[in-house]
Amino acid sequence: MTLRLSAIALAFTALFAPALPSFAQDAHATHQAEVVVLGSIEITGAFTRATLPNAPVGGGFLTITNKGAEADRLVSVSTDIAKEAQIHEMAMEGDVMKMRQLKDGLEIPAGETVTLEPGGFHLMFMGLTGAIAEGDVVPVTLTFEKAGTVTVDLTAGATAADAPAHNHG
């Protein structure tokens, strides 16, 4: 049991520790060089991180801009690489960094940009079905309350990546 908890703690540390600075397409989506557009929603900078062998969790990161006049909400995420995918937030509570699922989703205010990044809002992939290797492309389906559903490809950077790689080969 202690070994399992240590593996989970190591996976969380590799994903979210500040010193170790992690996926979309639909009939209505437009793809332009790492930009995905779904209605008034624009998604850029999508990436994931390579994971250590047998890591139980992974993370997804991207930037969502709402160019519309109404707020929208990212309400769910899914991927075939994990048993479960969730929308999460990390925030300081006193001197302790806490992570929690956003069960009501993540609001994307009208005319604003929300960044999902290490140490803040992020996508959480739990129960990985296999390791994510650097260079892998991980499709993730995002569902928005108003804009609909789109699948985004997250390219895996190094285990400590804090931004998408500029040249994917």
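Biologist: Where does alanine 160 lie?

Modeller: Alanine 160 is placed in the segment after β12 (148–157); strands here are DSSP runs of E of at least two residues, and helices runs of H or I of at least four, numbered from the N terminus. The model is a predicted one, in which local features need pLDDT of at least 70, side-chain atom pairs count only at pLDDT 80 or more, and totals for chains, interfaces and linings use all residues. Residues are numbered from 1 along each chain as its sequence is written, and side-chain values use heavy atoms, with hydrogens and water left out.

Biologist: Why is alanine 160 called partly exposed?

Modeller: Its relative accessible area is 30%. Buried means under 20%, exposed over 50%, and partly exposed in between, with a 1.4 Å probe and protein chains only. Alanine 160 is therefore partly exposed.

Biologist: Why does alanine 85 count as buried?

Modeller: Alanine 85, in strand β6 (residues 82–93), has a relative accessible area of 19%, so it is buried under the 20% limit. Not counting residues up to four places away in sequence, alanine 85 touches Val77, Ser78, Thr79, Met124 and Phe125, where contact means heavy atoms within 4.5 Å.

Biologist: What makes phenylalanine 47 and phenylalanine 61 a tilted aromatic pair?

Modeller: Rings of Phe, Tyr and Trp (its six-membered ring) pair if their centres lie within 6.5 Å; planes under 30 degrees apart count as stacked, over 60 as edge-to-face and the rest as tilted. The count by this rule is 1 aromatic pair. For phenylalanine 47 and phenylalanine 61, the centres are 5.1 Å apart and the planes 35 degrees apart, so the pair is tilted. The partners are 14 residues apart, with phenylalanine 47 in strand β3 (residues 41–49) and phenylalanine 61 in strand β4 (residues 57–66).

Biologist: Why is aspartate 72 said to have no salt bridge?

Modeller: A salt bridge needs a side-chain nitrogen of Lys or Arg within 4 Å of a carboxyl oxygen of Asp or Glu. The nearest side chain of opposite charge to the buried aspartate 72 is lysine 146, at 6.0 Å, so no salt bridge is assigned. Lys and Arg count as positive and Asp and Glu as negative, with His and the chain ends not counted.
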